[in-house]
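Grab a pencil and work through the exercises below. Try each task on your own before you read its solution.

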Amino acid sequence: MDYKTVLTTCAYCGCGCGLYLEVLDGEAISTIPSKTNPINEGKLCVKGWNIHEFVQHPKRLTKPLIRKNGILTEASWDEALDYTVSRLKEIKEAHGSDSIGFLSSAKVTNEENYIIMKFARAAVGTNNVDHCARL
Amino acid sequence: MSEKVKTRVKELLDSGKIRGFLGLKNMNGHIGPHLFSDSNDLDDLVTGDRERPGDSRYPLNKQLINFARCYPEETFGVLVRGCDERGLKTLFTWNQLDPEKVVPVGIACPQELAEGCECLQPYPDEFVDGEKADGCSFASVAQVDGFDLAGRLEHWLAEFAKCVKCYGCRNICPMCFCKECTLESKDLIQTGDIPPENPIFHLTRAVHMAGRCIDCGLCNEACPADIPLRTLYKKVADIIDQEFHHRPGYAAAGEKPPLNTLGGAPEHLGSVRK
């Protein structure tokens with residue numbers, strides 16, 4: 001029997017509430033708020049209380065997928081990246097930079113959001129960039 | 001307050017009586033629940049008093065239930081205060097835990113904490129550390145009872161309107177173990193509203209706490225909207241005591257909760273604390 005309580009930070013929003021993931025035999029079975037964390041003081045919102053659910057959810061994406069003939073099929077990282085780069089270049093050539101939009105995430109780090117912002121503005125040349133906190 | 005607890009836990013682990021001890025540990029700068037299984041690794045065992053007594057308590061019984069469901073043959077030790085032991089006794093009568101498979105290690109709460117909790121009995125039957133503090137009466141309940149009916153309704157409707165429906169009160173409650181919860185059933189509660197159906201959502205929970213709530217106060221601590229849930233559940237417990245002479249966790253071993261019994265109210269006065 002392998003049981004541990006793993007102190008971590010909620011991934012959902014920028015608050016960063018502290019919580020424990022209860023892991024029994026390799027499966028995250030529940031979430032317990034951290035009483036001593038100065039940010040949330042033992043409380044969580046409904047998203048934080050259910051953070052353990054998505055970690056090992058069967059519907060999580062585990063491999064790159066490319067839609068071929070209308071069906072999403074598994075691809076390698078190289079194939080997926082090559083496809084993305086070539087298609088973005090084509091679209092930018094044909095329809096202009098502002099025809100492309102970027103949607104990032106409030107769940108990633110500031111550094112990752114900086115990269116996507118830089119990519120959108122400097123590499124592609126558009127300011128159509130935002131993230132899920134605004135949806 | 002942890003040295004005597006550590007000694008007792010070491011004894012239990014070394015004797016092989018328990019597979020592990022579910023207690024609290026100081027790790028990564030925080031206090032959190034932990035299963036101790038190595039008797040030589042108890043240095044960071046604490047009792048949940050970081051800055052003030054009892055400020056970092058967790059629903060350890062709830063984790064015990066998870067263990068019992070997956071490993072019903074194993075025996076575990078658990079840190080208990082007065083309220084946790086009431087919880088254990090009640091969970092035994094509700095068949096969620098097997099008394100043969102749980103070894104409680106008790107600590108008594110200091111007077112300061114007893115008063116903060118308005119606890120009727122701030123110590124378990126047996127404890128290895130701490131001293132018996134005096135039980136306290138429910139001043140918070142008396143205060144609300146002091147309003148007239150209209151005032152009481154206004155008070156509670158205003159409190160419930162703050163609710164963000166995080167389900168924290170239910171999630172943290174060591175006595176909530178139902179696999180299908182009424183509060184999530186759209187046939188019974190109008191789901192999809194925030195604040196949730198006022199006052200039905202909270203009154204439903206309060207009614208479900210009848211004969212179940214052992215007054216640990218973790219619900220109050222988990223509520224991000226600071227709703228005085230505990231006061232409401234204390235009142236419910238008072239009503240059950242008046243009508244059925246029963247308080248969860250204070251009854252003699254094996255005594256069934258009155259709401260699980262078909263028949264009239266008991267004639268005798270049970271072992272009730274008041």
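**Exercise 1: a spot in a loop**

A:Ala11 sits in the loop between β1 (3–9) and β2 of chain A. Keep in mind as you go that this is a predicted model.

Task: Work out whether A:Ala11 is buried, partly exposed or exposed, then find which residues A:Ala11 is in contact with beyond its neighbours within four places in sequence.

Solution: 
- Start by counting: A:Ala11 has 15 C-beta neighbours inside 10 Å.
- Buried needs 20 or more, and exposed needs 12 or fewer.
- A count of 15 falls in between, so A:Ala11 is partly exposed.
- Now skip the neighbours within four places in sequence: A:Ala11 touches A:Ile51 and A:Lys107.
- Finally, look at A:Val108: it's 97 residues from A:Ala11 in sequence, yet the two C-alpha atoms are 7.8 Å apart.

**Exercise 2: the domains of chain A**

Task: List the domains assigned to chain A and say how many Å separate the C-alpha centres of domain 1 and domain 2.

Solution: 

**Exercise 3: the build of chain B**

Task: Check how the radius of gyration of chain B fits that of a compact globule.

Solution: 
- Chain B holds 10 helices and 5 strands.
- For 274 residues, a compact globule would come out near 19 Å; chain B has 19 Å, so the two agree.
- Along the principal axes, its C-alpha atoms fill a box of roughly 60 × 45 × 40 Å.
- Of the 274 residues in chain B, 43% are buried.
- Take the contacts in chain B with a separation of 6 or more: 61% of them join residues 24 or more positions apart.

**Exercise 4: where the chains meet**

Task: Find which elements of chain B give two or more residues to the side that touches chain A, and which gives the largest share.

Solution: 
- The contact takes 25 residues from chain B and 20 from chain A.
- On the chain B side, β2, α2, α7 (168–172) and α9 (218–222) each give two or more residues.
- β2(B) gives the largest share, with 6 residues.
- By type, this side of chain B has 12 nonpolar, 9 polar and 4 charged residues.
- Now zoom in on α2(B), residues 60–70: its buried residues include B:Leu60, B:Leu64 and B:Phe67.
- The buried residues of α2(B) pack against β2 (18–24) of chain A, and also against elements of chain B, among them α3 (82–93) and β5 (102–106).

Key:
Residues are numbered from 1 along each chain as its sequence is written. Chains are lettered from A and ligands numbered from 1 in the order in which they are written. This is a predicted model: local features need pLDDT of at least 70, side-chain atom pairs count only at pLDDT 80 or more; totals for chains, interfaces and linings use all residues. Helices (H or I, at least four residues) and strands (E, at least two) are DSSP runs, numbered from the N terminus. Two residues are in contact if their C-beta atoms, placed from the backbone, lie within 7 Å. Domain bounds come from an automatic or database domain assignment. The radius of gyration is taken over C-alpha atoms; the globule rule is 2.2 Å times the number of residues to the power 0.38. Ala, Val, Leu, Ile, Met, Phe, Trp, Tyr, Cys and Pro count as nonpolar, Asp, Glu, Lys and Arg as charged, and the others, Gly among them, as polar.
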